[in-house]
Amino acid sequence: MYTLTKKQVTEMLIGCCLGDSCIEKRKSGDINNISFSHEKKQKDYLLYKYNCISKYYYPNPISKKENKKTKDFSGFRFRLYYNNSSNKTIIDFLNKNLKNENNERIIPNDLSLITPLVLYFWYLDDGYLSARLIKRKNSNYVRKQLGIALKSYSDESILKLIDYLKNKYSLNFKPKKVGNKIGWITMDNKKDMIIFFDLIKEYIDNITPESLNYKFCLFELPQTRGETFPEYNRCNCFKTGICKCRNKDFSVCI
Ligand SMILES: [Zn+2]
């Protein structure tokens, strides 16, 4: 396992709290816990988080989660409770930076907290890399879009983040609206995706759980592009045209 330092675990937790996890409060307003949960398929990812957090903090054991309606077993969860001094210190830090006084989730005001490792975990939690086969008379190709789905952050704070990521890391995210509010930050251009992946390459190579390989699989087909980026093909798709991470057949592109 690629072990994270305590500082890196903090970055992981910031990424998770921007993504799928949330800091839960009691009705009285007191902090209760941070919960981490994933579908069955992503058990490998949940276990990785659990092992990293356990090195420095005291999470409760992993338990099974059931679908609220059907009561079927749907995934796994664990919680980090606000019940001892190390847990309290980290939860207070996250709460201070990622929630406002009305208990709403926010992007940190101090954007220097958004490091490449934070972005990596945020993307693992809430990111997507979609791939669609486009058939044309003369050549077929795969259209891709990368994005991170955002929670209810203010448009102003999202635009500030986009600017920051552009200036600090040359990342070219664009805002994408859902209705009249920004719902995603996205990139459509392969070169931009590669700038992003280059920034987090060490983590892609060493941490990415198998169930999430598709988020980094660009399946560039060198035969059609005249370029090669095999390091961002997580399966053998750039040779075969078949993306095992997504279970999709793009061989008509070759
Ligand atoms: Zn693949």
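Confidence in this predicted model is lowest in helix α8 (residues 222-225), with a mean pLDDT of 54, and highest in helix α5 (residues 155-169), at 98. Here pLDDT is the predictor's confidence in each residue, on a scale from 0 to 100. Over the protein the average is 91, and 96% of the residues score at least 70. Where pLDDT is low, the predicted coordinates should not be read in detail. Local features need a pLDDT of at least 70 and side-chain atom pairs count only at 80 or more, while totals for chains, interfaces and linings use all residues. Residue numbers start from 1 along each chain as its sequence is written.

The overall picture comes next. Nine helices and ten strands make up the secondary structure of the protein; these are DSSP runs numbered from the N terminus, with helices being H or I of at least four residues and strands E of at least two. The C-alpha trace spans about 65 × 40 × 40 Å along its principal axes.

The protein is divided into domain 1 (6-106) and domain 2 (121-253), with bounds that come from an automatic or database domain assignment. Their centres, taken over C-alpha atoms, are separated by 26 Å. Where the two domains touch, 13 residues come from domain 1 and 14 residues from domain 2. On the domain 1 side, α1 (6-18) and α2 (43-56) each supply at least two residues, and α1 has the largest share, with four residues. That side of domain 1 divides into six nonpolar, three polar and four charged residues. In this count Ala, Val, Leu, Ile, Met, Phe, Trp, Tyr, Cys and Pro are nonpolar, Asp, Glu, Lys and Arg are charged, and the others, Gly among them, are polar.

Turning to the interior, buried residues make up 32% of the 254 residues. A residue is buried if 20 or more other C-beta atoms lie within 10 Å of its own, exposed if 12 or fewer, and partly exposed in between, with C-beta atoms placed from the backbone. The largest nonpolar core has 63 residues, and Met12, Cys17, Tyr120, Phe121, Cys217 and Phe219 have the most contacts inside it. Helix α4 (residues 116-126) gives the most to this core, with eight residues, and the core draws at least three residues from each of domain 1 and domain 2. Such a core is a set of buried Ala, Val, Leu, Ile, Met, Phe, Trp, Tyr and Cys residues joined through C-beta atoms within 7 Å. Not counting residues up to four places away in sequence, Cys17 touches Cys22, Ile23, Ile34, Leu94 and Leu98.

Most residues other than glycine have a negative phi. Lys71, in the loop between β3 (63-66) and β4 (73-81), has a positive phi of about 65 degrees. Asn247, in the loop between β9 (242-243) and β10 (248-249), also has a positive phi, near 60 degrees. Lys71 is exposed, with 8 other C-beta atoms within 10 Å, and Asn247 is exposed, with 8 as well.

Note on methods
Contact = placed C-beta atoms within 7 Å.
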